[in-house]
Amino acid sequence: MPAGIAAFSCGVILLYWTGLVPPANILIGGAVLAAGLLLVAGKGYWRAVCRFLAWGIVGVLWAATTAVHQLHAALPVSLEGPVQTVSGYLCDLPADGAWHSVRFSLCVEHWQGQADDQIGVSLPARLRLAWYGKQATRQLPPTLTVAVRLKRPHGAGNPAGFRYETWLFRHGYGATGSVRSLRAWPSGKCALVCRYHQWRNRLADGLARRLGHLHQFALVDALLLGDRGHLTNADWQTLKATGTIHLVAISGLHIGLIAVGVGFCVGFLLRYLPQHWLAPSRKRWLLFASAFLASVGYALAAGFTVPTQRALIMLTLAGLMILRTARPPPWLGWLLALAVVLLLDPLAPLGRGFWLSFGAVAVLILVFAGRVRSAGASASLLLAQCAVFAGLWPALAMMDQVPAATGWLANLVAIPYVSLVVLPVLVGGMVVMLLVPSLTALVGGLFDQVLGLLWWFLQTLEALPAPVLPVSATVAMVVAVVTLVALWLPDWRLRSLALAMLLGALAPGSWPDQAGTARNRWVSQPEVWVWDVGQGLSVLARDKDQVLVYDTGPASPSGYNAVNSVILPNLRALGVHRINTLIVSHADADHAGGLGALLQAMPVDQLISGEPAEVARQLTEAGAPVVEPCLPSTGQALARFSVTLWAWRPEAAGAPSGNEASCVVLLRYGGNDVILPGDIPVHVERALVRTGEFKKPENRVLVAAHHGSRTASGPVWVKAVQPDYVVFTTGYRQRYGHPHPAVLERFWQVGSKTFNTAYSGAVRFRLDQHSVTADAWRVDAPFWLAPFQRTPQDR
């Protein structure tokens with residue numbers, strides 16, 4: 001039985017590990033093969049092998065069936081663009097978003113207009129919508145009709161970094177869109193699920209009315225209702241720097257604490273009942289039922305999200321196993337919980353929380369199971385924190401996440417404080433407010449005091465100097481294995497050695513990144529990466545251990561920037577620790593957004609810009625490098641590596657500004673060159689042609705000026721440069737219409753192969769002495785991220 005459970009789980013995970021969905025005939029053949037293996041299985045070793053293979057195939061089939069259904073539930077391409085009218089109910093708490101918008105989820109009950117004519121086409125049942133404008137409010141009717149412009153689920157396509165598209169697929173969204181108009185839908189039926197979300201929205205509104213004035217209301221709302229929409233960017237930075245984001249993401253820790261707390265209270269009350277009223281077995285069942293119901297209630301108040309569902313499954317199985325007279329080994333319970341989660345939610349492996357939660361439990365079982373005697377409460381807490389920190393380090397490294405160096409200390413204090421103080425105070429305070437509303441002010445003050453102390457502690461840790469831990473999975477694996485083996489052994493001297501290793505690894509200056517002396521990973525062949533940053537631009541060029549970054553992508557007032565979401569994760573994944581030359585073409589937000597974040601996170605030797613004064617005004621960080629001007633007309637050679645770099649800016653009667661001030665870069669290697677023109681307009685292109693620097697080499701790569709706008713890439717320029725490859729860096733279905741059809745036609749007429757990062761994802765060019773190789777990231781991406789349609793812009 002355990003082997004079959006493990007095989008089924010491996011089969012589900014295998015589908016997402018390979019990133020391939022087998023064709024229908026392979027799936028049917030697999031089902032027949034699984035049935036045949038179960039029928040012909042004999043005895044002994046052969047029977048075990050056949051059963052393992054059969055259940056593994058069943059796991060693959062189950063995951064593939066769910067994945068195919070989810071893929072078919074995406075919005076048809078023909079419905080992108082035109083305004084659609086849909087009716088449904090709110091199925092999430094509305095939250096504030098970027099650009100003063102309100103974001104919410106709509107579960108669709110009825111499509112109107114054009115969508116009704118889509119015969120035989122599956123339409124999305126769940127939409128992720130944004131409402132912009134002064135009228136946008138979080139106070140939305142439970143059932144509503146919206147006029148919305150929709151597009152298929154889409155996000156940035158890069159080798160590393162957060163993948164919004166995966167998040168949308170994982171949570172069942174078939175489309176995203178922006179609201180054009182919104183009204184109540186009074187005639188809509190509000191069934192059980194709708195009424196649940198209506199109840200939760202009323203709960204959130206009531207909590208905001210009563211406690212919205214508190215200094216720590218964002219934490220109160222996050223811990224009680226799982227609503228993290230009130231947390232600011234500064235709050236998220238504090239949580240990230242201290243490795244405590246999980247404290248405000250209601251999951252197994254919170255559900256388990258509620259279960260233990262309620263079980264303790266019920267057990268305390270049962271002591272006062274006459275012994276003959278309840279048999280010991282009935283008392284155990286009563287304790288389990290009370291804890292289970294309290295956990296379900298808390299999970300429902302928190303939105304019944306995937307992590308809470310997973311925690312409930314694990315809690316239920318653990319409770320049932322404890323109730324049994326003969327307790328099975330803990331690894332069997334872990335394996336059974338894994339299989340049940342994958343059976344009910346086969347998309348779970350796409351979520352990082354799945355790996356971290358099961359990984360943390362596995363680490364704790366490894367360290368604590370089989371111990372002859374308890375280590376004591378304090379020692380057990382210390383052992384658990386060290387084990388989880390070291391054990392999850394490799395998983396975080398493989399997810400392109402850098403663990404917080406102070407995370408072990410923050411969690412060592414914060415987890416027991418939240419467990420023994422914060423949650424009991426919050427839950428007890430809510431009960432008091434419901435029973436005695438007049439005490440709301442007193443309870444709110446207590447909330448502020450308790451959470452204020454926690455937040456002061458986290459901010460103090462955030463301000464301390466801490467090393468930057470390596471992302472290398474190999475280094476992380478070595479530390480994890482040595483530490484876990486030492487902690488697993490009973491000798492206290494070995495455990496002390498493991499703790500000393502961790503503390504030594506976390507000491508300031510332990511890793512070369514901290515001193516900024518780490519060398520970039522060596523590459524034997526020059527390469528250029530054009531990142532998919534949406535409507536913006538960022539390019540990486542590197543040769544040997546020398547690195548040049550051109551532009552830093554877009555940023556928004558909400559705090560989003562391409563540096564943290566795309567550029568830094570990908571630079572770290574490529575082994576880049578220092579930028580030798582950073583060129584910001586000009587100061588526009590889609591080219592210089594997040595510049596401060598990049599300078600704060602990574603050392604930069606030289607900073608150049610076409611608008612040095614404007615860029616310098618954006619920099620408030622102490623120690624930021626001097627912004628050097630991009631020299632006009634004559635150009636400047638930057639001899640950093642075997643690639644010759646030439647930068648140029650137009651010279652005019654008055655100092656150029658905006659797009660026409662863009663610093664143009666030309667990279668030459670062997671018989672190849674790469675042109676990075678920023679946002680230069682047509683008249684600047686003509687001036688560039690007159691310099692005579694752009695004679696046709698053997699192979700040429702061009703990043704189209706101004707994202708393919710009709711104000712750039714004029715006939716004179718296109719005819720002069722005649723690129724072999726052209727990359728348009730645009731956002732998916734953005735309102736500007738980039739690239740312009742006339743611009744595309746010009747490049748096709750000179751024989752250029754074109755890429756659009758909105759469809760191709762990031763594009764990598766590898767330069768040889770006499771050839772260029774181009775690779776679009778989405779071509780080999782997993783099935784849920786692969787290009788969903790052919791576009792004439794990528795040909």
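Strands E20 and E21 (residues 772–776) run antiparallel, joined by 5 bridges. Helices here are DSSP runs of H or I with at least four residues, strands are E runs of at least two, and both are numbered from the N terminus. Before I go on, this is a predicted model: local features need pLDDT of at least 70, side-chain atom pairs count only at pLDDT 80 or more, and totals for chains, interfaces and linings use all residues. Residues are numbered from 1 along each chain as its sequence is written, and side-chain values use heavy atoms, with hydrogens and water left out.

Back to the hairpin. It links E20 to E21 through 4 residues. Leu767 has Val772 of E21 as its bridge partner. On the other pairing, E20 meets strand E7 (residues 523–530), antiparallel, over 4 bridges. Two strands count as paired if DSSP finds at least two bridges between them. Arg766 of E20 stands opposite Glu527.

Which side chains of E20 are buried? Val763, Phe765 and Leu767, which point to one face. Buried means under 20% relative accessible area, exposed means over 50%, and partly exposed is in between, using a 1.4 Å probe and protein chains only. In a regular strand, side chains alternate between the two faces of the sheet.

Next, His738. Find it in the loop between strand E18 (725–728) and helix H25 (741–749). His738 is buried, at 13% relative accessibility. Its side chain makes a polar contact of 3.0 Å with the side chain of Gln535. A polar contact is a pair of N or O atoms within 3.5 Å; within protein, one must be able to donate a hydrogen and the other to accept it, and residues adjacent in sequence count only if both atoms are side-chain atoms. Leaving out residues up to four places away in sequence, His738 touches Gln535, His706, His707, Gly708, Ser709 and Thr730. Contact means heavy atoms within 4.5 Å. Look at the peptide bond too. His738 and Pro739 are joined in cis, with omega about -10 degrees.

Lys544 is not a glycine, yet its phi is positive, about 55 degrees. Lys544 sits in strand E8 (residues 539–544) and is partly exposed at 33% relative accessibility. Asp551 also has a positive phi, near 70 degrees, and is not a glycine either. Asp551 is in the loop between strand E9 (546–550) and helix H19 (562–573). Buried or exposed? Asp551 is buried, with a relative accessible area of 0%.

Now the disulfides. How many does the structure hold? There are 3. A disulfide is a pair of cysteine sulfur atoms within 2.5 Å. Cys91 bonds to Cys107, S to S 2.4 Å. That link is right-handed, with 105 degrees about the S-S bond. Cys91 is in the loop between strand E1 (83–90) and strand E2 (95–97), and Cys107 is in strand E3 (residues 101–112), so the pair ties together parts 16 residues apart in sequence.

Cys190 and Cys194 come next, with sulfur atoms 2.0 Å apart. The torsion is about -95 degrees, so this disulfide is left-handed. Both cysteines, Cys190 and Cys194, are buried.

Then Cys630 to Cys663, S to S 2.1 Å. Its torsion is about 65 degrees, so it is right-handed. Cys630 lies in the loop between strand E12 (627–629) and strand E13 (636–637), Cys663 in the loop between strand E14 (644–648) and strand E15 (664–669), so the pair ties together parts 33 residues apart in sequence. Both Cys630 and Cys663 are buried. Number the bonded cysteines in sequence order and the pairing reads 1-2, 3-4, 5-6.

Last, the helices. Why call helix H6 largely enclosed by the rest of the structure? Because 9 of the 9 residues of H6 (residues 217–225) are buried. These buried residues pack against helix H5 (192–211), helix H8 (252–270), helix H9 (280–301), helix H14 (407–435) and helix H15 (440–463). Gly226 follows H6, with a positive phi near 70 degrees.

Helix H11 (residues 330–344) has 15 residues. It reaches 21 Å from its first C-alpha to its last, close to the 21 Å expected at 1.5 Å a residue. The expected span is 1.5 Å times one less than the number of residues. Among the buried residues of H11 are Trp334, Leu338 and Val341.
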